[in-house]
Amino acid sequence: MMRIAAVLLAVDEGAVAPVDGERRVDRDVRALREGGCGPIVVVTGQVPIELLGGLVVSDPRWRDGPGSSVRTGLAALPPRTDRAVLARTGAPDLTPGAVRQVIAAGARPPADLDRPAGLAFLALHAGRAEHMS
């Protein structure tokens with residue numbers, strides 16, 4: 001069975017902003033989990049985040065841009081992770097259905113895939129991303 005993890009970039013204070021009484025990061029972790037991802041790595045930066053149900057890692061170089069946070073998240077994925085969904089917290093269309101759609105499309109989605117903003121799919125080999133769509 002394929003192991004599909006998630007890396008959620010939650011590096012700014014918007015990650016803990018409430019939406020309908022729930023922090024964005026909690027809403028996004030739930031969407032990723034319900035969409036079929038596990039484990040979930042949450043990368044923080046500007047503000048520390050305590051979280052139940054996910055691995056939290058801090059990117060000390062988050063100000064350098066998202067590339068640094070992506071590398072931090074990928075490095076924290078457990079061994080034998082086959083694929084990872086990459087998402088940023090606060091994306092308005094990060095829903096379980098959107099996550100399932102990205103996963104179903106596989107590592108090489110068709111050009112006409114209406115992929116939700118803020119979501120990408122990575123094929124991993126020995127912990128390194130081979131393809132990003």
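## Overall build and nonpolar cores

In this predicted model, buried residues account for 44% of the 133 residues in the protein. The accessible surface amounts to about 7100 Å², and carbon and sulfur atoms hold 52% of that area. The protein is built from three helices and eight strands, which follow one another from the N terminus in the order β-β-β-α-β-β-α-β-α-β-β. When contacts between residues at least 6 apart in sequence are considered, 64% of them join residues that are at least 24 apart.

The largest nonpolar core has 21 residues, and the members that touch the most other members are Leu8, Val25, Leu32, Cys37, Val42 and Leu94. Two or more residues of this core come from each of strand 1 (4-10), helix 1, strand 4 (40-44), strand 6 (83-88) and helix 3 (96-105). A second, separate core consists of 13 residues, including Leu9, Val41, Ala84 and Leu86. In soluble globular proteins, nonpolar side chains tend to be buried together.

Which residues are in contact with Leu32, once its neighbours within four places in sequence are left aside? They are Ala6, Leu8, Cys37, Ile40, Val85, Ala87, Leu94 and Val99.

| Residue | Location | Relative accessible area |
|---|---|---|
| Val29 | helix 1 (residues 24-34) | 5% |
| Val70 | helix 2 | 17% |
| Thr81 | loop between helix 2 (66-75) and strand 6 | 10% |

Val29, in helix 1, counts as buried because its relative accessibility of 5% is under the 20% cut-off. Along the chain Val29 and Ala6 are 23 residues apart, while their C-alpha atoms are separated by 8.9 Å.

Val70 belongs to helix 2 and is buried, with a relative accessible area of 17%.

Where does Thr81 lie? Thr81 is found in the loop between helix 2 and strand 6, and with a relative accessible area of 10% this residue is buried. A polar atom of the Thr81 side chain lies 2.7 Å from the backbone oxygen of Pro78.

Methods. Residues are numbered from 1 along each chain as its sequence is written. This is a predicted model: local features need pLDDT of at least 70, side-chain atom pairs count only at pLDDT 80 or more; totals for chains, interfaces and linings use all residues. Side-chain values use heavy atoms; hydrogens and water are left out. Helices (H or I, at least four residues) and strands (E, at least two) are DSSP runs, numbered from the N terminus. Buried means under 20% relative accessible area, exposed over 50%, partly exposed in between (1.4 Å probe, protein chains only). Contact means heavy atoms within 4.5 Å. Accessible areas come from the Shrake-Rupley method with a 1.4 Å probe; for residues, only the protein chains shown count as cover. A nonpolar core is a set of buried Ala, Val, Leu, Ile, Met, Phe, Trp, Tyr and Cys residues joined through side-chain atoms within 4.5 Å. A polar contact is a pair of N or O atoms within 3.5 Å; within protein, one must be able to donate a hydrogen and the other to accept it, and residues adjacent in sequence count only if both atoms are side-chain atoms.
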